[in-house]
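Student: Could you walk me through how to read this structure, feature by feature?
Tutor: Gladly; let us look at it together.

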Amino acid sequence: MALSETENGFSGGEGGGEADAIVQTCVLGSFSERGETTALISSLSEVHGDLGPRESTTERFLVIMNRYQEQPHLLDPHLEWMLNMILDFIRSEKSPPSLVHLCFKFLYIICKVRGYKIFMQLFPHEVADVQPVLDLMSRQDPSDSETWETRYMLLLWLSMTCLIPFDLSRLDGHLESDGGKAREPIMDRILAIAKSYLVVSDSARNAASVLVSKFMTRPDVKQKRLGDFLDWNLATISQTNDHSLRNIVVLDGALQSLAKLFKHGKRDDLLPYAPAVLQCLEKKHLSESSEAMLRKLGVKLTQRLGLTFLKPRLAAWRYQRGSRSLAANLSMSQSAAASTGATSEVETKEQEEDYDIPEEVETVIEHLLLGLKDKETIVRWSAAKGIGRVTGRLPKELADEVVGSVLDCFSFQETDNAWHGGCLALAELGRRGLLLPSRLTDVVPLIIKSLIYEEKRGACSVGSNVRDAACYVCWSFARAYEPKELEPFVTQIASRNISALSWFLVVYIAGFPEYTKSMIDHLVAMKINHWDGMIRELATKALHNLTPQVPDYMAATVLPQLLKMAVGIDLHGRHGAILACGQITHALYKVGLQTNRGFGGELMRPAICSLIEKLSLSKMPFKNDPIITGWQWIIDDTIKTLHLVSSGAKDGILAALVSALSALCEEYYQASPGQADPQMQDALVSQYTEGLNNPQMLTRCGSALALGCLPKFMIHGKLKQVCLKCMCAETQKEGTFTEARKDAITSIAQVSVKAGACAEGSPDSTLCSANVDEVYGTLLSSMIDYTTDSRGDVGAWVREAAMTSLKDVTMLVASSAPEILSPDMVKCMMCCLAQQSAEKIDRYRAHAGTIFLHLLHSTEPVVPNIPHREELLVNQYETTTTLNWNAPSHAFKYIAQLLGLPEYQYHTLLGLTVSVGGITESTVHFSSQSLFDHLKLIQSDSAALGQFGETLLRIFRDNLHNDRVSVSFLKMLNQILANNCFEIFTTQENHPFCVDLLALCKEFKKSKDISKLRACISVLCGLIQFQGEVRKKVLSQLLLLLCHSFPVIRKTTASQMYEMLLTYDDVVDPEVLDDAMTLLSDTNWESDLATVRPHRNQLCDWLGVPRPQPVTKVTI
């Protein structure tokens, strides 16, 4: 037996006071007791006569079988041989009655575990089996309480023999016996046995109802006996009351047989009798019976009658999440699905117009709705399933009326039984797609109420079954509807669902922000005032544990609610509220100890800064008061201790700090309106500029942001000092200070904007012709910050800040002093933005493109000296709102148009280089497509193509040792050559473009970077298309790489050369082409150099290239 067991312990409360909850799961892998089972069955013939061994054998067999109660399917491969072994004893004429009864007991044990519906199918049911089984059944004594298992199993076996396809009259033969006495026909014998066992008090009654369902639905039997049997059955029901145990048994058997008969019989055969059966049931008033089983059977039979009245069809109007077949879902196109849906809707309307609903159906539904309110769960569950089945055959309008009737169960005038039955019915309707999404707005509020349903009765409460059923509804809805249908209700349902959690899971679930406040609100509203004192105490402890999650919410919202409850009239509410106030207050004290010690906590720092800001904005009369010194100390100390807080709290603290400092300066550091206090001005500016050189990165960030938030009067006369220090901080390219550089760039822009611009102004007080070049130089240099660390391209933060700062400063200068914006300065800025708008990261490409268009389209003010402004405005750059820069498919086709403008060509192509040569599939695809579309436009223009080639070479030279660009450039160049974009150059021998390109590629021959060498090999193979002496030089380089010191490079070179010879067959003499290709493909180029060098030399001879000569190292 394959067994796996897991244990998970949860302990709640403080000090381990709560008991651990242990969850154990045992999963069996297969039926592993075959040997022992075989031995037990084989021993039946030996132990049947001895009471002791017989009981021990039976008990052991029970133990083995019961282990598979949870996984009975594991028995399936073994059922047949067990059954055959036991039937051998039963069929043997030598077997005494005690052995036969013991064998049937064993069969019953197996049947009980596996289920009679599966097990009975294995019984032999040929013509030869009918008479022996019938004879054996006839010899049984119905009153023998020791052998009821035998009768039970024989009735099931007899049920299976009724499935033979021959008329039973053919089995009768001559009905006269040897003594001249007439024998009873087999049909009558079986019917008599069924009737007799329908009224017994043991489990054989259940098997007899199965026999009726199989026997009475036979074609020959239903013609001759169905009407008589139903008359007998209805007479039995009518003449029997439920006042005695005997009568209850008789009613049970009659109702069971009818329920199974109407379940398995054909509708056309049973429809004529259905009204009479329903009338009989109505007169019997089974819903008023004191026996739950009779009420359940009445509901079950009623729903079967309802299904008989209605035509068997699947409601076409039902909500369908999709086909059951995944393949069908994938193969069906949207158009086909739409047309199918439209057709089915038309057909549905036609079907509903042509189909009349019998009047009896209303009676059936009325009884089922009444069953939903029954006091027993088994009755409500059967009624709920009946509602689901019957509604599935109704027209849409009538089905909606049924749903409305079910919703009427959810009234506070109804009992918990009605709420429970209503939930079960809604779950069944939802699971079957009969509860349309339009009804969810009515249903979900009721389910939410059901999730917290509780009603006090005496010393206890009821409602747990309602809450469980509501959870079942949520489960069924999640599997019945598309996510978009449930999306508006998910938060409400999930928030209420957590109320059903065990106490030891509360804190864990509440750790997720979406559930925290919902959990707290539920505890306050429903559990603090609970009638059970233990629940109230547990709820207060839960609130104590939840307080650290949202201390502000507890202090500002929950405590005031509890204080009102503490003086209310409800005794339970007062008790729980007082306990909860104590627990929450204690928890808040603990939070204060953790977060308020030395003002170093993540919670109190932003709170105190917010307090300083609000008091300053309120113009409190504290000017020149010592308290202002204390406030400034708090702000300065926060900047110095930023490195002690977690990364998640950093942004919030910095935002609160900047707001507080700005408000504090505005209110308390002005000697006169617009004039700073010189002492405080010197102190703060000096302190924060010195902080830009602090070894702690976050202190640098705080200092930079503090300088940026200072009011205009605080930086008047200090602009040069502030900007110079920020520029120095930005130029420190240590990888660990990336965030500080970003904040320094932001600070430069903020200070410049506050100072304003004036062409002839003082460089200490305003942005002017004397310092504008320096400011722009710093911002533009930040646009090429490509610092990387373990987090990736962190330099992008600096580039993003620089782009934003350039926009802000440019708009300021353009509006106040446009004459100081030189053409070179604007050109450099726009080119840098063009480069960023062509790069691979969507977010920063979108940011750059948006700013580019903003500056281009700005009219108030107009940014002067933008290169090719008119061409850009005409050339589809007319919009700033519809262009989606985040989408590569949308953005790159516009970006590539800049390649046609000489001023932008270099920077745009540089940006495209890292996109085309990148690794993101969509970016590579759309950037490459846009680049090649541009090249096709200039394919026949030798001057434009030559200019493009010169730009390519310039980028290659400038970034020869820049790995970020060079590898991507080689990948892009390989694609360009592979697409024959320079085909016009291949007609000219030794074209300067390919000569210069080859010279630059040679620079990589000593590189140790595998990816760079591989990319270079691809480019060299692409250069083979050029004619003249350059082809020999390219072949020479490739042949050198065939003996590279890295085996992987040798193998890659051989593979690429093989593909090259396939593509360009004019490279080698046709007589040796096959030999060369065979040598390239068959040689193991990863062998040692001494082995591969002769093969390389052979290729040199075939290709007409001089053999490379080994260089002798000279030692001095």
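**Reading the fold**

Tutor: The protein chain holds 55 helices and six strands; helices (H or I, at least four residues) and strands (E, at least two) are DSSP runs, numbered from the N terminus. This is a predicted model, in which local features need pLDDT of at least 70 and side-chain atom pairs count only at pLDDT 80 or more, while totals for chains, interfaces and linings use all residues. Residues are numbered from 1 along each chain as its sequence is written, and side-chain values use heavy atoms, with hydrogens and water left out.

Student: What share of the residues of the protein chain count as buried?

Tutor: Buried means under 20% relative accessible area, exposed over 50%, and partly exposed in between (1.4 Å probe, protein chains only). Of the 1116 residues here, 49% count as buried. The accessible surface of the chain comes to about 52800 Å², with 52% of that belonging to carbon and sulfur atoms; such areas come from the Shrake-Rupley method with a 1.4 Å probe, and for residues only the protein chains shown count as cover.

Student: How many of the contacts join residues at least 24 apart?

Tutor: Contact means heavy atoms within 4.5 Å. Among contacts between residues at least 6 apart in sequence, 70% join residues at least 24 apart.

Student: Which residues have the most contacts inside the largest nonpolar core?

Tutor: In soluble globular proteins, nonpolar side chains tend to be buried together. A nonpolar core is a set of buried Ala, Val, Leu, Ile, Met, Phe, Trp, Tyr and Cys residues joined through side-chain atoms within 4.5 Å. The largest one here has 149 residues, and Met65, Leu107, Met153 and Phe215 have the most contacts inside it. Helix H5 (residues 97-114) gives the most to this core, with 12 residues. A second, separate core of 126 residues includes Phe969, Phe1026, Leu1041 and Trp1085.

Student: What is phenylalanine 215 in contact with?

Tutor: Setting aside neighbours within four places in sequence, phenylalanine 215 is in contact with Cys162, Leu168, Met187, Ile190, Leu191 and Val221.

Student: Is arginine 205 buried or exposed?

Tutor: Arginine 205 counts as buried because its relative accessibility is 12%. This residue sits in helix H10 (residues 204-215). Beyond neighbours within four places in sequence, arginine 205 is in contact with Tyr197, Leu198, Val200, Val249, Asp252, Gly253 and Gln256.

Student: And arginine 114, buried or exposed?

Tutor: Arginine 114, in helix H5, is at 16% relative accessibility and so counts as buried. Not counting residues up to four places away in sequence, arginine 114 touches Pro72, His73, Asp76 and Leu79.

Student: How does serine 45 count, at 35% relative accessibility?

Tutor: Serine 45 counts as partly exposed, because of that 35% value. Serine 45 belongs to helix H2 (residues 44-47) and, apart from neighbours within four places in sequence, is in contact with Phe89 and Leu99. The C-alpha atoms of serine 45 and leucine 99 are separated by 6.4 Å, although the two residues are 54 apart along the chain.

Student: What span should helix H52 have?

Tutor: The expected span of a helix is 1.5 Å times one less than its number of residues. The 13 residues of helix H52 (residues 1029-1041) should therefore span 18 Å, and its end C-alpha atoms are 19 Å apart, which agrees. Among the buried residues of H52 are Val1030, Val1034, Leu1038 and Leu1041. An α-helix has 3.6 residues a turn, so residues three or four places apart point the same way. The cover over the buried residues of H52 includes helix H50 (992-1001), helix H51 (1010-1022), helix H53 (1047-1063) and helix H55 (1089-1103).

Student: At what angle do helix H41 and helix H42 pack?

Tutor: Two packed helices are described by the angle between their axes and the distance between the axes. Helix H41 (residues 795-816) and helix H42 (residues 823-837) pack at about 145°, with axes 12 Å apart. Axes are lines fitted to C-alpha atoms, for helices over the stretch in contact, and angles run from 0 to 180 degrees between N-to-C directions. Arg799, Met803, Leu806 and Thr810 of H41 make the contact with Met829, Leu833 and Gln836 of H42.

Student: Where is the cis peptide bond?

Tutor: The cis bond runs from glutamate 860 to proline 861, with omega near 5°. Proline 861 is in the loop between helix H43 (842-857) and helix H44 (869-874).
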